[in-house]
Every structure is written in structure tokens, then in C-alpha cells.
Amino acid sequence: MLSIKNLHATVEGEEILRGINLEIGAGEVHAIMGPNGSGKSTLGHVLTGREGYQVTAGEVTFMGQDLLALAPEERALAGLLLAFQYPVEIPGVSNMEFLKTAVDGMRKYRNLEALDSVSFMKLAREVCKRVDLDQNFLKRGVNEGFSGGEKKRNELMQMMLLEPHLAILDETDSGLDIDALQVVATGINSMRDGKRSFVLITHYQRLLNFIEPDHVHVLGGGVSSVPVTSHWHWNWKIKATAGWKVRPCNE
Amino acid sequence: MSEQIDDLIKSHYAAGFVTDIESDTLPAGLSEDVIRFISAKKNEPEWMLEWRLKAYHAWLEMVEPHWAHVSYPDIDFNAMSYFSAPKRDEDRPQSLDEVDPKLRETYDKLGIPLHEQEMLAGVAVDAVFDSVSVGTTFRKKLYEAGVIFCSISEALQDYPELVRQHLGTVVPQKDNYYAALNSAVFSDGSFVYIPKGVKCPMELSTYFRINEAKTGQFERTLIVADEGSEVSYLEGCTAPMRDENQLHAAVVELVALDNAKIKYSTVQNWYPGDEEGKGGIYNFVTKRGLAHTNAHISWTQVETGSAITMKYPSCILKGDNSIGEFYSVALSSNFQQADTGTKMIHLGKNTRSTIISKGIAAGHGSNTYRGLVRMNPGATGARNYTRCDSLLIGDQCGAHTFPYIESKNPTAIIEHEASTSTVSDEQLFLCLQRGISEEKAVSMIVNGFCKEVFRELPMEFAVEAGKLLEVSLEGAVG
């Protein structure tokens with residue numbers, strides 16, 4: 001599904017990613033852990049094409065396509081979704097309108113028939129229920145005045161509606177209480193169908209108590225990152241704590 | 001992201017084209033003779049000529065206003081021509097079939113074919129092409145309802161007393177520099193009269209175009225709604241691409257007698273100038289309504305065009321319990337400058353006014369809201385609510401707000417709210433990451449910002465406003 005080879009990237013001239021290697025197969029769940037500043041979020045932004053991140057070396061293939069050659073919206077349409085750590089507010093644009101615009105675009109790209117407003121409304125309401133958000137959130141501005149947890153659930157809702165092939169969840173667990181965490185984890189687990197892949201970027205091990213990853217990687221120690229393989233002793237520690245099956249990606 | 005914004009800003013004005021119609025154009029320059037020529041050409045009554053000349057002499061004594069937050073080179077009023085009419089104007093078409101095919105083609109290019117509007121929207125169209133009306137429809141149906149909807153030149157022939165009674169009562173000849181100029185040389189415009197108790201059976205609409213190089217366009221519109229009547233008037237325009245600045249100084253007067261209601265909506269898309277700020281229309285318009293007892297006047301405007309705009313559609317709330325409303329979206333991009341807003345003059349008791357202004361600035365655009373709310377001593381129990389929101393796109397543009405509030409009545413209540421926001425990179429990236437193109441994302445955000453105003457537009461106009469905004473955004477935002 002996703003193949004990252006020797007990926008180097010800089011932000012404002014400073015190298016943050018220094019030779020990342022990662023192979024993600026269809027249906028797999030990969031957790032990426034590591035301390036602050038190790039480049040976890042940077043990896044998510046580089047893969048999705050956020051402005052301000054320069055790739056200086058390396059290759060990324062996503063479902064047979066050269067991912068780095070695609071524009072950000074093309075990457076999204078190709079099935080790569082990033083659930084944001086800090087979802088931004090768009091006042092004045094209703095959540096419903098935003099979701100419908102996104103879903104319409106995605107369905108068109110996938111050569112699926114467009115959903116009429118009634119069918120879409122029905123679908124959106126169902127998804128709302130699945131992430132335990134009140135339907136009123138559909139009428140409100142995108143993330144406008146949402147609490148931290150509501151924003152994260154809104155990200156999850158977008159994921160459920162857009163049905164990406166690969167979802168990168170950037171600290172979706174941070175700032176959530178245990179109930180909200182459970183809702184999010186149940187939501188993610190319900191999306192696991194043996195084909196869809198996930199990258200869970202997280203600080204904490206507690207998310208992994210609810211979502212069992214196939215692989216756990218640890219990025220960096222200290223400020224800059226180093227190839228994940230050199231830090232697999234971290235993995236061991238995690239393994240010792242939680243008892244997961246742990247495999248550094250480039251054995 | 002800023003590069004993409006630049007690209008979008010630089011895309012070309014979609015409505016830029018010129019229709020070649022032979023014109024009967026007066027040489028450049030302004031004098032008493034010119035005014036006599038215009039008046040004679042239109043076969044106007046003597047009092048009208050006197051009225052024009054009085055305005056002209058007043059104008060000669062006046063100075064050009066420079067208080068607005070805009071800058072432009074001095075206008076040479078003797079370098080422009082004050083009359084231009086399509087040939088054979090005594091032989092004007094009586095129905096749309098007789099309209100010059102080239103003119104119809106022009107409308108088709110704009111996506112507003114007249115025949116389609118007649119069928120789909122049931123809108124009566126008084127099309128103003130340059131300075132003389134060339135097509136009027138549904139006249140008969142309106143006539144049956146007793147509604148008069150014609151060009152002001154025709155009204156001067158057919159209903160001179162009605163025009164004489166109301167012309168200049170809301171915007172006097174000496175009101176301001178541009179209103180005085182308009183009063184002296186106005187070429188044509190629309191006249192509407194709704195009789196007592198009549199609800200106009202259809203939306204009335206005029207499309208304006210400026211098509212003759214170096215010709216100032218001086219429209220004069222007068223709408224009179226008699227007691228207990230109701231009318232909704234739609235005005236929309238777009239202009240061909242030009243190198244030289246064109247002055248447009250229109251005057252619109254609304255008279256709403258007791259219990260009458262006038263809703264005046266404008267979608268304005270004149271050529272805004274190129275990416276360096278060259279060319280484009282100067283839009284210096286005086287629009288004002290006079291509301292008698294229990295009358296209701298509502299202005300809605302969507303301003304996306306013009307190089308420079310100075311425009312303050314206003315309401316004089318003279319009668320007790322009268323209501324004034326102003327809903328505005330003004331977009332300035334490239335080097336466009338807009339200084340626009342409203343004046344709500346509360347004279348009567350329990351008068352109410354609402355002002356909702358949405359200013360959008362992009363590129364090097366400058367957007368200014370200037371509004372006056374005045375509560376006169378007699379305005380007991382009067383209320384005003386004002387909200388001014390500004391949206392900035394990019395880091396080269398500017399938004400300014402100049403609210404003037406004067407209250408001479410202690411029982412009056414005035415509220416003013418203001419906000420400024422931006423379209424951020426984060427917002428755009430969220431949209432991109434969900435597969436929504438940047439253009440669509442900006443359009444969605446801007447439309448969301450303007451929603452409250454669009455809601456006020458008549459249905460068929462709201463669609464067009466959205467379309468126009470999108471076209472302007474292509475050439476305006478990123």
C-alpha cells in the first residue's frame with residue numbers, strides 16, 4: 001500500500017526526517033511513537049503534501065503511484081487521509097456542506113454515482129451516531145466552537161465518510177477522556193476491514209490498548225529523528241509493558 | 001499556497017469582451033450646450049432642461065470629494081463624452097425579437113439571455129445598453145396591474161408630472177458632486193411607479209452595461225411605491241474590458257410612501273481593472289431611499305467589480321415605525337478599492353434599521369466600510385443594529401471600518417458589532433486534504449461568510465450572485 005524509502009525532509013531549512021523507511025501493507029495497522037519533536041507529525045504532513053515541508057531525498061509509493069509527485073488534493077483523492085492533531089475551525093461553512101463537498105468530490109473521483117441530498121443526509125446522520133456526536137454538529141460551522149474531543153470525533157466522521165485506503169491519525173487520542181477514547185477506538189476498529197491500512201501517530205500507549213497494531217515503530221530520541229530501526233529497543237520496552245507483537249519495520 | 005493564490009488572482013476577467021454597435025456619440029467635453037443637446041435629443045419638457053441646467057451650474061461651483069479611503073488620478077471631466085446611443089434610436093425595437101442580435105449575443109456571453117429569464121424567472125427586463133433602453137418586456141402585464149416600468153426618458157414623455165413630482169426629492173441636484181453631475185447630464189435609467197395597494201406581480205430587473213469607450217455612464221433611476229404597495233427591484237451589471245478608466249455616477253432614488261415596501265437588490269460586476277490595477281470602472285453612485293410612515297426599504301448589494309467604488313445606499317427613515325435595511329457583500333481584489341457602506345437617518349419614532357456588511361479583501365485590494373447611523377431628536381424609541389465583518393485573503397490586502405454614530409435621542413438604542421477574520425493556510429489545507437480544490441475551498445469559505453447577505457437576495461438573483469462571486473474569486477482570490 002505505502003512504501004517509504006530513505007525519506008529526508010526539511011522544515012525551514014532544518015532537517016527533521018533523516019532517512020525514514022517504512023512498508024505498510026494492505027489491512028495493516030502501524031503505530032508510530034516517539035518523543036516530542038521526533039518528526040511524527042512531520043511525517044504525516046510530508047506524506048499529505050502540506051506546504052512548508054521540503055522533501056530533500058527519498059521515494060514514496062502509494063498504491064503504485066509516486067505519491068510525492070501528486071498535489072495535496074490528488075493525494076487525498078487517491079485515498080490518503082490525515083486526521084489532524086489540531087483540527088482547524090472554518091466558521092460560516094456548515095459541517096454538512098463541507099462533508100458533502102468532500103464526499104461528492106471523492107465519489108466523482110471513484111466513478112461512483114453522486115449522492116442526492118436526502119441520501120447524504122441519512123448517511124451523515126448514521127455516521128454522526130457512530131462517533132457519538134449530536135446531529136446538530138452537522139449544522140454548525142466546521143469545528144466551530146467544538147471541544148477538543150468533538151473535533152477529534154469530527155475527524156473520525158470525515159474518515160468514515162471518505163473511506164480512505166490509508167488513514168494517518170495524528171495524535172487522535174490526545175486530549176480525550178477515557179470514554180471519548182473508547183468511542184474513537186471503536187470507530188477506528190470498525191473501519192478495519194482487512195484492506196484499509198492505518199498509521200496511528202501517538203504519544204501514549206493507552207490508545208494501543210484499544211487498537212491492536214500489527215507493527216510499532218519508534219521515531220527518534222531527542223530533537224531530530226534517526227531511522228526507526230536503530231531504536232527498536234524502545235519497541236522492546238513497549239512490548240514488555242503492553243505485550244504487543246512488535247516488529248521494527250526494516251529488519 | 002500563496003503562489004497558487006497569485007495565479008488565481010491573475011486569471012482573466014471572464015466577461016471581458018466588446019460588442020461593436022455603431023454609436024451616436026457626442027464629442028468629449030461638458031458645457032451648457034451639451035446639456036441642451038441631451039435634453040433636445042430626448043425631446044424633454046422645458047422644466048427638465050431647466051432642472052438639468054440648475055444642477056450643472058451647481059456642479060460647476062462644487063469640488064470633487066476626497067474624503068474616501070481610496071486614491072486615483074484626477075478625473076478630467078472634459079475628456080469624456082456625455083451622450084452615446086445605439087443608432088436609429090427613434091426606431092427602437094418593440095419586442096425582444098427586434099433587439100440587435102449582437103446585443104443579444106452579448107447577453108448570452110454573460111449567461112443571462114433575456115428570453116430565458118422571461119421564461120424561467122418571469123422577470124420583466126428593461127435592458128439598458130449604454131445610455132438608451134433597447135428592450136422592455138412584460139410591459140403589458142405590468143400595465144394591467146397598473147405598474148409603470150419604463151425608461152426614465154419615456155416616463156418624461158408619458159408621465160411627466162409623476163416624474164416631476166418625485167425627481168430630486170430624495171437626492172437633490174446639489175446633494176453631492178457626482179449627484180449634481182448626474183442630474184445635469186443623466187442619459188437614461190429606469191422609472192417605476194407602483195400604484196396604491198398594488199403588490200408588483202413580478203420582480204423588476206435591469207441589466208446595465210457600459211459599452212462605449214470614454215463615455216461616462218450616468219444612469220438615473222426613480223422608484224415610487226405609492227401607499228401600501230410593494231415592489232422588488234433587481235439591478236445587475238457587467239462591463240467589457242477597457243484600458244481607460246470609466247466613470248459611472250448613477251443616482252437611484254426610492255420613494256416609499258406610507259405602508260409601502262421597496263426591496264432593491266444589486267449584483268455589480270463591472271470590470272475591476274487588470275492585475276496591475278490599470279483600467280476598470282470608477283463607480284461613484286448615490287443611492288438613497290425615503291421611507292414614510294410604516295414604510296420599509298431594503299438595500300441588498302453584492303459588489304464584486306469596479307476599480308474604485310464609493311457607494312452608500314442609504315435610508316431616510318422619516319415616517320414613524322419605518323424600517324431601513326442594508327445587506328452588503330463587497331469584494332476587492334487585485335488593486336480594487338472599495339469605500340462603501342450606508343447611512344441610516346432616523347427621524348421618526350420607533351424607526352428601526354439593520355446593517356449587515358461583509359467586506360472581503362484579497363490581493364492588493366482595499367476594503368472600507370463607512371457607515372453613518374444618526375438618531376435625530378425626534379427618533380424616540382428608535383433602534384439600530386449594525387454588524388461589520390471583514391475577511392482578509394492573503395497578506396497584501398487591507399480592511400478598514402469607519403462607523404459614524406450620532407445619537408440625539410436618549411431613548412434610541414444603537415448596537416455595533418465588528419469582526420475581522422482571515423482565510424488561513426490551515427483552513428485551506430484541511431480542505432485540500434479532504435480532496436477539495438483550493439478554488440472550491442475558498443469559494444466555499446467566502447460563500448459561507450456571505451451567507452446572511454445572500455439569503456436576502458431574491459432566489460434567482462442569489463444563484464447569480466454565487467456565480468458572480470465565484471467568477472470574481474477566480475480572478476480575485478486564491
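**View 1. Helix 2 of chain B crosses helix 3 of chain B in a right-handed manner.** A crossing counts as right-handed if the near helix is turned clockwise from the far one by less than a right angle, and left-handed if anticlockwise. This is a predicted model, where local features need pLDDT of at least 70, side-chain atom pairs count only at pLDDT 80 or more, and totals for chains, interfaces and linings use all residues. Residues are numbered from 1 along each chain as its sequence is written, with chains lettered from A and ligands numbered from 1 in the order in which they are written. The axes of helix 2 (residues 32-41) and helix 3 (residues 46-61) of chain B come within 10 Å and cross at roughly 150° (lines fitted to C-alpha atoms over the stretch in contact, with angles from 0 to 180 degrees between N-to-C directions). The two helices are therefore roughly antiparallel (over 145 degrees; under 35 is roughly parallel, 65 to 115 roughly perpendicular and the rest oblique). Look for E32(B), I35(B), R36(B) and S39(B) meeting M48(B), L49(B), R52(B), L53(B) and Y56(B) (in contact: C-beta atoms, placed from the backbone, within 7 Å).

**View 2. Helix 3 of chain A passes helix 6 of chain A in a right-handed crossing.** Their axes come within 10 Å and cross at roughly 30°, so helix 3 and helix 6 of chain A are roughly parallel. L99(A), A102(A), V103(A) and M106(A) of helix 3 touch Q158(A), L161(A) and L162(A) of helix 6.

**View 3. Chain A meets chain B.** Here 21 residues of chain A are in contact with 19 residues of chain B. Helix 3 of chain A gives the most to the chain A side, with 6 residues.

Technical notes: Helix = DSSP H or I, 4+ residues; strand = E, 2+ residues; numbered from the N terminus. Contact = placed C-beta atoms within 7 Å.
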